[in-house]
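Good morning, colleagues. Please look first at the sequence and the structure on the screen, and then let us go through them together.

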Amino acid sequence: MKTPFNIIIKGGLIAFIIVLSHNQSVFGQITGLDDWRLYIDPGHSQKENMGLYNYSEAEKVLRVAKHLRTMFLEQTDIQEVYMARETDAESISLAGRVDEANTLGADFYYSIHSDAGSPQVNSTVMLFGGWRSNGVTVEKSPQGGGYFGEILDEDLSGTMRIPTRGNWADRNFYLGIQFHHDNQWPYLYVNRVSTMASLLSEGGFHTNPGQQQLNLNQEWKILEALSAFRSLLEWHEIDRPSIGVVAGIIKDAESGLPINGAMVKIDDKEYVTDTYESLFNQYSANPEQLRNGFYFIDGLTPESTVEVEFSREGYTNFTESAFVISDPNGRTKDNITFLDVELVSNLSPTVTQVTPESTENLLPTTPIDITFSRKMNRESVENAISIVSEVVYEVEWLNDFTIRIKTDQFDFLSDYTLTIDGSIAKNQLTDQLLDGNGNGEPGGDFILEISTMEEDSEPPFVIDYSPLGPDPQRTTRPIIRVVYDEPVMENSIVNNSLSLTSHKTGNLISSQQRHSVIKGKSVLHLYPTTDLNPAESYQVEIKEGL
């Protein structure tokens with residue numbers, strides 16, 4: 001049965017209102033919401049608040065909102081669910097959303113967002129309208145956003161399996177918990193101007209690489225919507241329905257990276273994790289960049305035991321028994337069987353990278369890093385290495401994947417052949433021999449030709465610098481730059497190779513030093529971390545040893 005649309009035109013603004021037909025019958029329908037009207041606000045519009053991989057907050061939260069609306073319309077007796085926008089093309093102002101909700105007489109305003117910040121940060125936070133008055137936190141009227149935030153705070157962070165920063169009165173969050181705020185009203189516009197109970201949620205960070213790769217997945221957005229749906233039912237003190245869900249993340253046992261294209265099967269239900277071809281090509285030109293390994297299978301029988309089969313070409317099949325947990329009136333996480341697994345590769349290890357890319361005209365002392373596709377048995381690799389012409393060398397493992405060959409004893413203007421014997425070198429977990437020549441068969445040798453450069457008898461010298469000495473600076477923290485005619489050996493650069501001192505007092509100025517090689521030339525930068533005195537002169541010194 002099609003869901004009818006009512007269209008209201010007001011002040012040039014067209015509001016699409018989806019109304020569930022009174023005579024629509026839904027199996028197992030949840031009752032008690034027929035006189036309650038929900039306004040869902042997917043934050044922002046179009047591609048606003050762009051996150052990593054060219055996927056915006058606005059795009060993500062719109063899809064979470066649409067899934068949430070569908071859950072209410074298909075599973076409950078609710079009569080009206082309003083949405084601020086329906087498509088990525090629509091643009092609606094902050095005032096337009098709140099005015100629409102007020103005009104429609106909604107009973108609750110729920111604004112869905114995700115957060116931005118450092119790539120290392122990921123958490124949820126809930127913000128209801130509130131402030132501090134004479135040492136007491138006060139919630140705006142009508143109340144209810146704070147209680148919903150209390151429920152969703154625990155539920156969403158548990159479902160997403162990330163930390164939470166808590167459930168906050170918005171003015172307390174942004175301005176601190178003061179004894180008495182000067183402004184005795186909510187801080188956020190959606191909380192301040194809306195005339196109904198309201199909450200704004202931040203569901204993780206779209207600037208966190210791991211979280212954002214999950215955000216790209218369609219079922220992940222269903223998972224977030226499910227948490228909000230069940231939390232709103234709890235807010236109404238309505239019994240939640242039983243669900244049967246198994247979900248998790250599949251990773252490579254050695255690299256720890258999520259696996260694309262893994263098949264998960266439970267009885268007749270199947271799920272294939274996202275791949276470059278199925279999804280990630282829309283967000284990256286690099287087939288190896290994006291992966292989430294996420295799977296989500298629902299419609300299982302609660303409190304049953306199922307066999308979960310995992311498979312992927314290049315990996316050993318794996319089967320795990322799982323009990324489909326069910327606690328209908330518990331949190332959403334208490335109704336999802338999270339089953340994360342690691343699959344073990346069955347492919348022979350190969351060499352995936354050599355650094356530097358070219359070993360022609362190599363400067364002796366430049367280390368050569370060889371990276372393998374799998375964790376290697378270190379002793380077997382070391383025993384498998386030989387170099388002709390004969391030369392003394394040392395090895396160092398950067399990790400179980402990468403071995404470093406030190407070339408300090410290599411001669412100038414010489415040729416060497418480095419061989420890793422594929423019949424000796426093997427990986428850690430399964431003792432499979434190295435496929436050194438990359439022909440798909442174990443036991444092949446890896447061979448690397450190396451030629452060294454002519455000895456450079458001239459030391460590096462400065463060819464450019466800035467700022468120029470006598471010129472007065474227009475900033476109290478000038479960037480100091482020194483350019484050499486050739487690359488400077490990294491291990492000859494020590495802390496304070498570049499130093500900045502007061503010409504008057506001789507005191508060292510706190511600074512940060514950076515080195516990079518640009519177009520075959522070393523560039524040293526020095527960044528003062530404190531303001532310089534415009535009335536003083538300063539001296540830059542380059543220490544010996546470069």
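Is Gln184 buried, partly exposed or exposed? Before I answer, please note that we are looking at a predicted model. The relative accessible area of Gln184 is 27%. Buried would require a value under 20%, and exposed a value over 50%, so Gln184 counts as partly exposed. To find Gln184, please turn to the loop between helix H4 (170–175) and helix H5 (189–193). Apart from neighbours within four places in sequence, the residues in contact with Gln184 are Trp131, Arg132 and Ser133. His206 is 22 residues away from Gln184 along the chain, and the C-alpha atoms of the two are separated by 32 Å.

The largest nonpolar core has 48 residues. Which of them touch the most other members? They are Trp36, Leu38, Leu68, Phe72, Phe108 and Tyr110. Helix H7, residues 218–235, supplies nine residues, the largest share of this core. Let us take Phe72 as an example. Not counting residues up to four places away in sequence, Phe72 touches Leu33, Trp36, Leu38, Ile78, Val81, Phe229, Leu232 and Leu233. There is also a second, separate core, which has 24 residues, among them Val354, Val381, Ile387 and Trp397.

The structure holds 15 aromatic pairs. In the pair of Tyr39 and Tyr109, the ring centres are 5.2 Å apart and the planes meet at 20 degrees, so this pair is stacked. Tyr39 belongs to strand E3 (residues 37–42) and Tyr109 to strand E5, so the pair ties together parts that lie 70 residues apart in sequence. Tyr39 and Tyr109 are both buried.

The pair of Tyr295 and Phe310 has its ring centres 5.7 Å apart and its planes at 75 degrees, so it is edge-to-face. Here Tyr295 is in strand E14 (residues 294–297) and Phe310 in strand E15 (residues 305–311), so the parts tied together are 15 residues apart in sequence. Tyr295 and Phe310 are likewise both buried.

Next, I come to empty space. Rolling a probe the size of a water molecule over the atoms shows where such space is left. How many cavities of 30 Å³ or more does the structure hold? The count is one.

The largest pocket holds about 740 Å³ of space. Of the 27 residues that line this pocket, Leu363, Thr366, Pro487, Val488 and Met489 lie nearest its centre. The pocket lining divides into 14 nonpolar, eight polar and five charged residues.

I close with the backbone. Most residues other than glycine have a negative phi, and most peptide bonds are trans. Where are the exceptions? The peptide bond from Ser141 to Pro142 is cis, with omega near 0 degrees, and Pro142 lies in the loop between strand E8 (136–139) and H3. Thr355 and Pro356 are also joined by a cis peptide bond, with omega about 5 degrees. Pro356 is in the loop between strand E19 (351–355) and strand E20 (368–372).

The loop between E19 and E20 also contains Thr365. Thr365 is not a glycine, yet its phi is positive, about 90 degrees. With a relative accessible area of 26%, Thr365 is partly exposed. Asn49, in the loop between E3 and helix H1 (57–75), has a positive phi near 55 degrees. Asn49 is partly exposed, at 38% relative accessibility. Finally, a glycine with a positive phi, Gly105, follows H2, and its phi is near 70 degrees. Within helix H2 (residues 94–104), the buried residues are Gly96, Arg97, Val98, Glu100, Ala101 and Leu104.

Thank you for your attention.

Technical notes
Residues are numbered from 1 along each chain as its sequence is written. This is a predicted model: local features need pLDDT of at least 70, side-chain atom pairs count only at pLDDT 80 or more; totals for chains, interfaces and linings use all residues. Side-chain values use heavy atoms; hydrogens and water are left out. A nonpolar core is a set of buried Ala, Val, Leu, Ile, Met, Phe, Trp, Tyr and Cys residues joined through side-chain atoms within 4.5 Å. Buried means under 20% relative accessible area, exposed over 50%, partly exposed in between (1.4 Å probe, protein chains only). Helices (H or I, at least four residues) and strands (E, at least two) are DSSP runs, numbered from the N terminus. Contact means heavy atoms within 4.5 Å. On a 1 Å grid over the protein atoms alone, a cavity is a set of points where a 1.4 Å probe fits but cannot get out, and a pocket is an open set with protein on both sides within 12 Å along at least five of seven lines; lining residues have an atom within 4 Å of a point. Grid points are joined across faces, edges and corners, and a volume is the space filled by probe spheres set on the points. Ala, Val, Leu, Ile, Met, Phe, Trp, Tyr, Cys and Pro count as nonpolar, Asp, Glu, Lys and Arg as charged, and the others, Gly among them, as polar. Rings of Phe, Tyr and Trp (its six-membered ring) pair if their centres lie within 6.5 Å; planes under 30 degrees apart count as stacked, over 60 as edge-to-face and the rest as tilted.
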